[in-house]
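Here is a short report for a first look at a protein model. Please keep the sequence and the structure in view while reading.

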Amino acid sequence: MEPRVVAIIVAHEDGEHLARTLRALAAQTRAPDQVVKVDNGSTPGVSAALSSIAGSTVSLTSEVSFGEAVRRAVDTLDDAGDSGFFWLLAQDSDPAPDALARLLGALEVSPSVAIVGPKQMDWNRGDYIREFGQTITGWGRTVSLVDDELDQAQHDSRSDVMAVGANGMLVREHVWRHLGGFDQGLGVADDALDFCIRARLAGHRVEVVPNARVRTAGDGVIGPDGGDDYRASVRRARQVRTAALYRRLAYTRGLGVFWHWLGLLPNALWRIIGLLLGKRPTAVGPEIGATLAVMFDGLSLRRSRKNLKRTRTAPWSSLDALRMPFAEVRRRNALAREALRIRLHGHHVPIYFFASGGAWVTLALTLVSLVVMSPLIGSSAISGGALLPLATDVPSAWSQVMFGWREGALGTLAPADPFSYVAAALATFTWWDPTLSLVALWFIAIPAAGLGAWMFASRLSPRPVIRAFVGVGYGLAPTLLVALSDGRPTAVIAHILLPWLAYAALRAVRSWAASATAALLFAAVLACAPSLGPVLILVWIGAVSLTGRYVARFLAIPLPALALFAPIALWQIFAGNPVALLADPGATVTARLAPHWQLALGFPARGLGGWIDLTGSAPGTLNAVTVIVVVVLVALLAAMAVAGLFSPTPIRAQLALLVALLGLVSAIAAASISVAFVGSIPVPLWPGSALSVMWLALLVAAASGMSVLRRFSIYPAVAGLLAVTVLALPMAVGLVRGTEVVAPSNGQTLPAYVVARAHTDPQLGTLILTAQPNGGLAATLERNVGASLNNSSTALSTATNVNAGARELATVVANLSSLSGNDSRRALTDLGIGSVLLAPAANAPGSSVTTQATEMTARAMVALDANPSLESVGKTDFGLLWRFATPDTEHSASLTPSSATQPWRAIILAGQLLVLLLTLLLAIPTGIPQADIRPRRNLAGLNSEPIAFEPTDALAGGDDEQE
């Protein structure tokens with residue numbers, strides 16, 4: 001009986017692919033006996049194109065899967081029995097003229113073979129194999145036997161395979177009808193693989209025909225879309241993973257399917273961790289979507305399992321010989337990783353940390369740090385300025401990161417500052433003595449900042465002297481030295497992390513690990529210096545606009561910061577004070593900020609970084625000369641930065657100068673905004689962090705200007721090194737002489753008597769009273785051993801509304817500080833107050849203590865001495881102390897019940913930790929990203945062009961190559 005071959009072609013879009021396929025179909029040496037054309041919910045023009053060849057047409061109103069489209073076409077045909085064959089094609093199938101004849105010949109000479117497939121070739125590169133047979137690994141993962149290889153007849157000896165692709169497949173009609181065609185539950189991926197597996201389990205064989213060729217373009221009509229864009233890759237990952245999970249449940253025997261179904265969600269969570277470690281965050285969404293889709297697709301799974309049970313006659317072990325061995329899987333994975341490494345990252349360019357001077361710069365700055373910090377050697381704690389001790393132990397430090405009752409006030413329930421995570425991490429570094437980490441921070445600040453700047457400069461220039469200039473210039477920056485002198489730990493940490501953030505951001509364009517690292521550093525910098533938010537967000541927007549195809553890696557950078565700031569931002573908004581979100585975390589202290597012209601020179605505080613104090617304060621030529629010297633030194637750096645505009649890559653200097661300008665504007669704005677208070681004294685934002693951004697950008701622009709001279713760049717680099725060193729001398733001398741506010745301490749913020757009582761009763765409270773310049777009296781309620789960096793809160797320092805707790809505390813203070821006040825014994829007992837401390841009067845920056853403050857201190861002292869419920873302890877280093885003998889700490893603890901913090905305490909903590917842990921998993925350097933489960937075109941890089949540099953690579957380009 002003459003065979004009847006029915007060619008079934010499915011089309012969705014008109015165009016050159018479809019026209020070329022139709023021409024190839026008409027040119028077959030062995031023409032099909034019948035053609036069925038399926039208009040698969042197509043765009044206009046497909047019907048007219050399909051009418052160019054003879055045959056029946058099946059029009060579908062909406063797009064369906066390829067297998068479903070073929071089933072609709074088969075339903076219109078009479079059953080031809082054993083003599084019938086179906087030839088499956090799509091709009092992007094371009095068969096060679098003898099393809100059908102060779103496929104049909106292979107089936108005619110082998111009655112046991114039910115399915116044959118051609119050698120699928122690349123559409124544009126006709127001599128490259130796209131696919132030539134399929135199989136599965138021992139774990140059931142789909143693998144193409146040949147992928148993107150130059151066809152040199154090296155695989156022509158292959159015949160028996162587990163499966164072939166649907167493109168160009170020729171299948172016996174009676175086998176198709178008996179097996180029920182492609183599984184309707186699979187949809188796009190693995191439909192042909194599953195069909196061939198079921199055919200083998202039904203006792204049939206599957207072969208490939210090497211001399212039959214069909215080109216394919218990967219339009220997505222057969223199999224997943226082969227596009228390289230982000231949406232296509234995400235959609236492909238979801239389709240492939242859905243098919244893998246679906247087949248797992250469909251093939252599982254007996255009750256094992258129930259246990260596999262229960263394990264879908266735990267397996268998805270485990271795989272998500274692996275995807276993050278493998279630097280494939282874009283596959284997390286498809287993994288979740290695929291898991292949920294398969295979990296609730298019980299009807300399709302039941303139909304598939306029933307059909308498999310009906311048709312299977314051979315054991316599963318009959319497929320073992322056709323599976324890919326694990327050794328071959330490992331070999332292929334290694335080759336794919338190596339190809340992906342070259343494709344994504346190119347050839348590794350070493351930094352030459354030792355050979356190019358990075359080690360020497362770090363060593364030099366370490367020696368400088370040891371000298372200038374020599375007064376602190378041997379200290380276990382330091383104090384002064386905004387320095388406070390850390391929590392007494394690590395659990396206490398981490399307990400402060402949660403939503404709850406804020407220390408230092410009465411009845412204030414608020415979220416923790418994002419800085420509490422940084423403070424907790426600091427306490428964890430030296431877990432045996434948490435406050436010791438602050439001492440270590442002061443010693444490593446200069447070399448750590450310089451090393452970060454040097455690493456950043458290593459991405460900008462190969463010249464050791466230019467790298468050294470940037471490293472030393474940033475390590476000795478005026479903003480860092482002022483922050484170290486004034487005792488501002490948040491500003492010090494922000495200054496250290498800024499160049500590391502810039503370094504990670506440059507790498508983020510090609511690495512998910514670097515992107516996640518940048519995200520964590522971005523969150524840490526903002527947590528330490530929220531006033532940098534506008535600058536960093538503007539820089540981030542600029543990076544996103546310049547990134548190009550890898551924009552997703554930059555879009556995700558602010559997410560951890562958003563998770564940390566969202567609770568306190570909402571709290572401040574509902575409190576009617578959204579601008580308070582910019583407040584500096586940690587202890588709130590006053591400072592004499594520099595005028596605008598000194599800010600422009602890079603000095604956040606008055607005195608030009610110690611130059612005025614070093615040369616004398618007398619008016620006249622001496623001060624004028626001092627100012628001129630400082631201006632000339634800074635102008636030298638600015639001139640080099642402007643020269644960068646004439647370098648071979650001026651974009652680097654242009655962007656750096658723009659960022660420097662943003663930093664300066666932000667510093668001036670910060671110095672003009674006051675959102676926090678110390679009693680009645682408003683405290684402006686610290687401009688030093690914004691000046692750190694300006695200084696780093698100025699050094700980058702200056703480095704670009706030095707590169708203009710190429711081999712002679714050593715001369716301006718040495719001049720720049722001398723300039724930054726001379727600028728730092730007065731402040732360094734002040735640190736060495738111990739004349740600055742930072743000094744060794746015992747790590748206590750309350751008198752020793754109070755600390756001793758707190759060790760026996762941690763809930764014991766201390767009421768601290770401080771006379772204000774306007775004659776008022778500020779009150780703070782501290783419990784346990786006193787204030788720490790961990791329990792500080794901007795929700796209290798920026799509060800403008802008076803709550804019930806504040807009113808109650810004000811009543812107690814008014815009664816205590818007045819001779820005619822009411823008896824406060826009951827209030828002191830209920831609030832658990834065991835001590836009252838009258839601290840020295842406060843004064844505004846640059847002013848002496850006012851008469852009103854002195855009189856208020858005297859009146860309060862008289863009233864406290866006359867109070868019969870208080871016992872005078874005497875004068876301490878922190879002020880005058882009185883003791884109350886009968887505090888009820890159990891009752892005071894009931895005023896702040898832990899139940900009031902729920903459920904927000906658990907919800908906020910779980911959300912923040914989830915974001916941070918996922919980002920940390922992605923940031924852990926575990927190697928290069930994993931290859932996609934279904935490689936895209938040219939993944940192996942055999943005939944692909946090198947990846948072009950993204951626009952952001954202009955910052956890291958080598959415009960000053962070695963001569």
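## Burial and overall build

A residue counts as buried when its relative accessible area is under 20%. In this predicted model, 52% of the 963 residues count as buried. The protein has 36 helices and 23 strands. Its C-alpha atoms fill a box of roughly 120 × 70 × 50 Å along the principal axes.

Contacts reach across the sequence. Among contacts with a separation of 6 or more, 77% join residues 24 or more positions apart. The protein exposes about 40,300 Å². Carbon and sulfur atoms supply 62% of that area.

## Confidence

The average pLDDT is 86, and 93% of the residues score at least 70. Over residues 929-963 the pLDDT is below 50. Even so, this stretch has 103 contacts in the model beyond near neighbours in sequence.

## Salt bridges

Side chains of opposite charge can pair when their charged atoms come close. The count here comes to 26 salt bridges. One of them joins Arg71 and Asp75, at 3.3 Å from N to O. Arg71 is partly exposed, at 28% relative accessibility. Asp75 is exposed, at 52%.

Arg205 pairs with Glu207, and their closest N and O atoms are 2.4 Å apart. Arg205 is partly exposed at 28%, whereas Glu207 is buried at 11%.

Asp830 and Arg826 form another salt bridge, with the closest N and O atoms 3.2 Å apart. Why are Asp830 and Arg826 separated by about one helical turn? The two are four residues apart in helix H33 (residues 825-830), which means about one turn lies between them. Asp830 is buried, with a relative accessible area of 17%. Arg826 is exposed, at 60%.

Salt bridges also link into a network, made of Arg4, Asp79, Glu173 and Arg177.

## Cysteines

A disulfide is a covalent bond between the sulfur atoms of two cysteines. How many disulfides does the count come to? The count is zero. Cys196 is buried, with a relative accessible area of 0%. Cys528 is buried too, at 1%.

## A nonpolar surface patch

Which residues form a nonpolar patch on the surface? They are Val708, Leu709, Phe712, Ile714, Tyr715, Val718 and Leu722. Together they have about 670 Å² of accessible area.

Leu709 sits in the loop between helix H28 (688-706) and helix H29 (714-737). Its relative accessibility is 43%, so Leu709 counts as partly exposed.

Terms used:
Residues numbered from 1 in each chain as written. Predicted model: local features only at pLDDT ≥ 70, side-chain atom pairs only at ≥ 80, totals over all residues. Heavy atoms only, no water. Disulfide = S-S within 2.5 Å. Buried < 20%, exposed > 50% of the residue type's maximum accessible area, 1.4 Å probe, protein only. Patch = residues over 30% accessible without salt bridge, like charges linked within 9 Å, V, L, I, M, F, W, Y side chains within 5 Å. Areas by Shrake-Rupley, 256 points an atom, 1.4 Å probe, with all protein chains shown as cover. Salt bridge = Lys/Arg side-chain N within 4 Å of Asp/Glu carboxyl O. Contact = heavy atoms within 4.5 Å. pLDDT = per-residue confidence, 0-100.
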